[in-house]
Amino acid sequence: MVALVCSVISGGWMLYMKCAGCYMDFCWNMDMMKGRVRFVLAPVLVFVVAIVGCFVAGCDSGAVLPHGQANTVYYWRTVFSLDSAETDFLSRHDISRIYIRFFDVVVNASSSGEDVIPNASIVFNDSVPVREVVPTVYITLDALCKIAGNERMWAEKIVTRIDNMCQYNNLGHLRELQLDCDWTTSTGRAFFNLCREVKMAMRAVDSSSILSSTIRLHQLSGDAPPVDYGVLMLYNTGSFKNPDVDNSILSLSDVEPYINDLPSYPLPLDFAYPVYKWNLLFRNNKFEGLLRADIVAGQNIRNVGEGRLMVMSDTVLGDYALRRGDILRQESSPFEVLKSVKSLINRNAPSTGHSSVLYHLSSGNLSEYTSGQIDSLYQ
């Protein structure tokens, strides 16, 4: 272990950010907030931390995960509110780390205001009964393109907003952050630059802070982002828009071709597995939308094959007007498939001590599995 101690004495500047009880979307500066949070940002410290971070990343890339093994879940809803089954799940399965989506970063559709804005910010109606809370931010590809060239500015906005939300909701100062983005070869440079700037902004306040990123299967063959660790997403492995696919959520045959890149991937990884279901609507063999309501065969909807239903007459289901001839493809995350994929990962993962993350915490989805099955996914 190498201990790096840096003492920097210099004139710094102070940035004061007002905090409010209401986190409004469409703005980064929350002027209506009550109270004040002060951040001391020393420019020299930022520089030193950046140099040290780059040195450590270059010498120790992919060595070990920066945290211990833990039973972990994602929370991906806009209101944090737990029912009794979800609270029991957290306790029964000893969940000690939870990734919570705080907001999305999207392109501003309005002609006024900033090009990139926060959207669908979470509201906390309940306290979080889990020891480690990791705020997560989803960044759309369109927003990433707008961010390119101004990564430092947007990184500071993201970090400041997350830190304010953590403090207001009694989660303490920001200690760890995860960025979720389906970056590609053409947008990877902007995402990597954003990661570097986010890490610098975080470590200017807390030198021990941690930055992680989600990793898609197709990203395993490329360079790893400059973060402390990644979470490999083992879901949405197929094309949900393809009418001929049987299950786009998870398929062993979809995962297998990417596994050859796993042992040599330079970033330490945890692994996320799906525990959700949905219905995909197709009209004339074209994808029309996603339906999350439970659908059963009846007079207007009939089984026409494994996992497929046909609409027999025009009807309304939830927010969708279904037409005669529409096809609904029902997809889920069968335990047998989850175990097969997990076994494949365990045989090929380059390091031990990684955590399993279930996506996502929802009593409706988790009720499909026994307590023993959940335990086996965490083993």
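Arg308 is found in strand S16, which covers residues 308-311. The model is predicted. In this model Arg308 has a relative accessible area of 18%. The cut-off for a buried residue is under 20%, so Arg308 counts as buried. The side chain of Arg308 reaches the backbone oxygen of Val245, at 3.0 Å. Val245 is also one of the residues that Arg308 touches. Pro243, Asp244 and Asp246 are among the others. Further contacts of Arg308 include Arg302 and Asn303. Ile327, Leu328 and Arg329 are touched as well. This list leaves out residues up to four places away in sequence.

Strand S11 spans residues 229-233. Five of its five residues are buried, so S11 is largely enclosed by the rest of the structure. Tyr229, Val231 and Met233 point one way from the strand. Gly230 and Leu232 point the other way. Both sets are buried. In a regular strand the side chains alternate between the two faces of the sheet.

S11 has pairing partners in S10 and S12. Strand S10, residues 210-215, pairs with S11 in the parallel sense over four bridges. Within that pairing, Ser212 has Tyr229 of S11 as its bridge partner. Strand S12, residues 269-274, also pairs with S11 in the parallel sense, over four bridges. Here Gly230 stands opposite Leu269 of S12.

Helix H5 runs over residues 188-205. It has 18 residues, and at 1.5 Å a residue it should span 26 Å. The C-alpha atoms at its ends are 26 Å apart, which agrees with that expectation. Of the 18 residues of H5, 14 are buried, so the helix is largely enclosed by the rest of the structure.

Ala120 is not a glycine, yet its phi is positive, at about 55°. Ala120 is found in the loop between strand S6 (116-119) and strand S7 (123-124). Asn170 also has a positive phi, near 60°, and is a residue other than glycine. Asn170 lies in the loop between helix H4 (151-168) and strand S9 (176-180). At 70% relative accessibility, Asn170 counts as exposed, because the cut-off for that class is over 50%. A cis peptide bond joins Tyr359 and His360, with omega about 0°. His360 lies in the loop between strand S20 (356-359) and helix H8 (363-366). Most residues other than glycine have a negative phi, and most peptide bonds are trans.

Conventions: Residues numbered from 1 in each chain as written. Predicted model: local features only at pLDDT ≥ 70, side-chain atom pairs only at ≥ 80, totals over all residues. Heavy atoms only, no water. Buried < 20%, exposed > 50% of the residue type's maximum accessible area, 1.4 Å probe, protein only. Helix = DSSP H or I, 4+ residues; strand = E, 2+ residues; numbered from the N terminus. Pairing = 2+ DSSP bridges. Expected span 1.5 Å × (residues − 1). Polar contact = N/O pair within 3.5 Å; in protein donor to acceptor, adjacent residues only side chain to side chain. Contact = heavy atoms within 4.5 Å.
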